[in-house]
Amino acid sequence: MDADVVTYESDFSAGIDGWSVQNGTIYGNIDGIGGRDDNLRLTVNSAFAANQCFTLHEQVTQGIYYTISFDYYIPSSNQDLTGVILSMPRGPSNGDSSPP
C-alpha cells in the first residue's frame, strides 16, 4: 500500500489561504474556536438559501482516491445554517449533509 502524501494542508494563520466565499464572509487567523487557533471562519448571510466556501486549489486528479478531513464548529446560537456538505468540483459529488 502506498504511503499517504499530503497534497494540500490549509494554513489560516496568515489569512484565508486562497479560499473564497459566495453569499457570506470568510476570515482567516481566527483564534479560540473549539479550543483551536488559526481557523477559517465562514459567517453566513441569512438572506441566501445557500452559502458556499471553496478553494480553487487545482491539486486533485480525477480517478485518484483522496482522504479529505476537516473539523467544523457550528455555534449553538446558530439560526441559519442547517448542514455542511463537502463537494468536489469537476467530478462526481459525494457530499454528506450533517445537521448541527
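Ile64, Tyr66, Ile68, Phe70, Tyr72 and Leu86 form a nonpolar patch on the surface of this predicted model, with about 550 Å² of accessible area together. Patches are made of residues with over 30% relative accessible area and no salt bridge, nonpolar side chains (Val, Leu, Ile, Met, Phe, Trp, Tyr) being joined within 5 Å and like charges within 9 Å. Accessible areas come from the Shrake-Rupley method with a 1.4 Å probe, and for residues only the protein chains shown count as cover. The model is predicted, and local features need pLDDT of at least 70, side-chain atom pairs count only at pLDDT 80 or more, while totals for chains, interfaces and linings use all residues. Residues are numbered from 1 along each chain as its sequence is written, and side-chain values use heavy atoms, with hydrogens and water left out.

**Surface patches**

- Phe70, one of the residues of the nonpolar patch, lies in the segment after β4.
- Phe70 has a relative accessibility of 44% and counts as partly exposed, a class between buried (under 20% relative accessible area) and exposed (over 50%), using a 1.4 Å probe and protein chains only.
- Asp31 is partly exposed at 48% relative accessibility.

**Salt bridge**

- The search of the whole structure finds one salt bridge, defined as a side-chain nitrogen of Lys or Arg within 4 Å of a carboxyl oxygen of Asp or Glu.
- Arg36 and Asp71 form a salt bridge, with their closest N and O atoms 2.4 Å apart.
- This pair links distant parts of the chain, 35 residues apart: Arg36 is in the loop between β2 (24–30) and β3 (39–44), and Asp71 is in the segment after β4 (52–55).
- Arg36 is partly exposed, at a relative accessible area of 46%, while Asp71 is exposed, at 59%.

**Fold and totals**

- The protein has four strands and zero helices; both are DSSP runs numbered from the N terminus, helices being H or I of at least four residues and strands E of at least two.
- The pattern read along the sequence is β-β-β-β.
- Of the 100 residues in the protein, 8% are buried.
- The protein exposes about 8,200 Å², and carbon and sulfur atoms supply 49% of that area.
- Among the contacts (heavy atoms within 4.5 Å) with a separation of 6 or more, 36% are between residues 24 or more positions apart.

**Backbone and spacing**

- Most residues other than glycine have a negative phi.
- Asp17, which is not a glycine, has a positive phi of about 55 degrees.
- Asp17 sits in the segment before β1 (19–22) and is partly exposed, with a relative accessible area of 29%.
- Asn29 also has a positive phi, near 60 degrees.
- Asn29 lies in strand β2 and is partly exposed, with a relative accessible area of 35%.
- Asn23 is in the loop between β1 and β2 and is partly exposed, with a relative accessible area of 23%.
- The C-alpha atoms of Asn23 and Leu42 are separated by 10.0 Å, the two residues being 19 residues apart along the chain.
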